[in-house]
Amino acid sequence: LNAILTSMDGLDTSNNGVIVMAATNRLELLDPALLRAGRFDRIVQCPLPDKDGREAILKVCCKKYILGDDVDLERIARFTPNTAGADLAAIANEAAIRAARRGAVSINQVDFQGGLDSFMSGRALQVSSLIDAVTPKWLKGNPQATTG
């Protein structure tokens with residue numbers, strides 16, 4: 001991070017310019033020094049996919065799997081709002097793991113439901129641990145401070 005910041009601030013004169021290309025689903029976790037005004041000429045934000053986009057992503061993610069006749073990717077896409085492509089891939093992978101654990105050759109809708117449940121419960125844990133990480137220690141020990 002320090003090397004990138006030094007180059008971006010112009011302290012490194014050995015190059016004529018710096019091109020930084022990066023992607024993240026968690027902008028709020030980036031170091032504020034990196035996001036300071038004037039650091040980037042352009043920041044391109046890509047919105048999360050809509051239902052049709054999620055369905056298309058699921059189709060790509062599931063190409064390598066054998067799906068059962070009961071699998072409805074359109075239904076799964078409907079039940080996964082606010083998910084990025086990486087999230088959908090994680091759900092498909094979890095469904096494949098569940099199918100493999102039961103010794104199945106194909107993934108069924110129940111596997112996808114279990115994968116979705118597992119993903120959502122994991123997301124809830126991530127959110128609670130993020131809240132814990134940003135809550136000051138003095139506030140954690142004083143429950144009245146949050147209600148007051």
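Ser118 is partly exposed, because its relative accessible area of 26% falls between the limits for buried (under 20%) and exposed (over 50%), taken with a 1.4 Å probe on protein chains only. The model is predicted: local features need pLDDT of at least 70, side-chain atom pairs count only at pLDDT 80 or more, and totals for chains, interfaces and linings use all residues. Residues are numbered from 1 along each chain as its sequence is written, and side-chain values use heavy atoms, with hydrogens and water left out.

Ser118 is found in helix H5. Residues up to four places away in sequence are not counted here; beyond them, Ser118 touches Glu94 and Arg98. Contact means heavy atoms within 4.5 Å. The C-alpha atoms of Ser118 and Ile91 are separated by 8.2 Å. Along the chain these two residues are 27 residues apart.

The protein chain holds seven helices and zero strands. From the N terminus on, its elements run α-α-α-α-α-α-α. Helices (H or I, at least four residues) and strands (E, at least two) are DSSP runs, numbered from the N terminus. Buried residues make up 23% of the 148 residues. Among contacts with a separation of 6 or more, 62% join residues 24 or more positions apart.

Two packed helices are described by the angle between their axes and the distance between the axes. Helix H2 (residues 51-61) and helix H4 (residues 85-101) pack at an angle of about 50°. Their axes are 9 Å apart. H2 is therefore oblique to H4. Axes are lines fitted to C-alpha atoms, for helices over the stretch in contact, and angles run from 0 to 180 degrees between N-to-C directions. Angles under 35 degrees count as roughly parallel, over 145 as roughly antiparallel, 65 to 115 as roughly perpendicular, and the rest as oblique.

On the H2 side, Arg54, Ile57, Leu58 and Cys61 take part in the contact. They meet Gly85, Leu88, Ala89 and Ala92 in H4. By class, the contact has six nonpolar residues, one polar and one charged.

The span of H4 was also checked. At 1.5 Å a residue, its 17 residues should span 24 Å. The end C-alpha atoms of H4 are 24 Å apart, so the two values agree. The expected span is 1.5 Å times one less than the number of residues. Several residues of H4 are buried, including Asp87, Leu88, Ile91 and Glu94. Ala92, Ala95, Ala96 and Ala99 are also buried in H4.

Positive phi values occur on either side of this helix. Just after H4, Gly103 takes a positive phi of about 75°. Asn82 lies in the loop between helix H3 (73-78) and H4. Phi of Asn82 is near 60°, a positive value in a residue other than glycine. Asn82 counts as exposed, because its relative accessibility is 56%.

Gln109 is found in helix H5 (residues 109-134). Gln109 is buried, because its relative accessible area is 13%. Leaving aside neighbours within four places in sequence, Gln109 is in contact with Asp70, Val71, Asp72, Arg75 and Ile76.

Ala22 has its place in the loop between helix H1 (2-8) and H2. Ala22 is exposed, with a relative accessible area of 73%. The C-alpha atoms of Ala22 and Ile43 are separated by 9.7 Å. Along the chain, Ala22 and Ile43 are 21 residues apart.

Terms used. Ala, Val, Leu, Ile, Met, Phe, Trp, Tyr, Cys and Pro count as nonpolar, Asp, Glu, Lys and Arg as charged, and the others, Gly among them, as polar.
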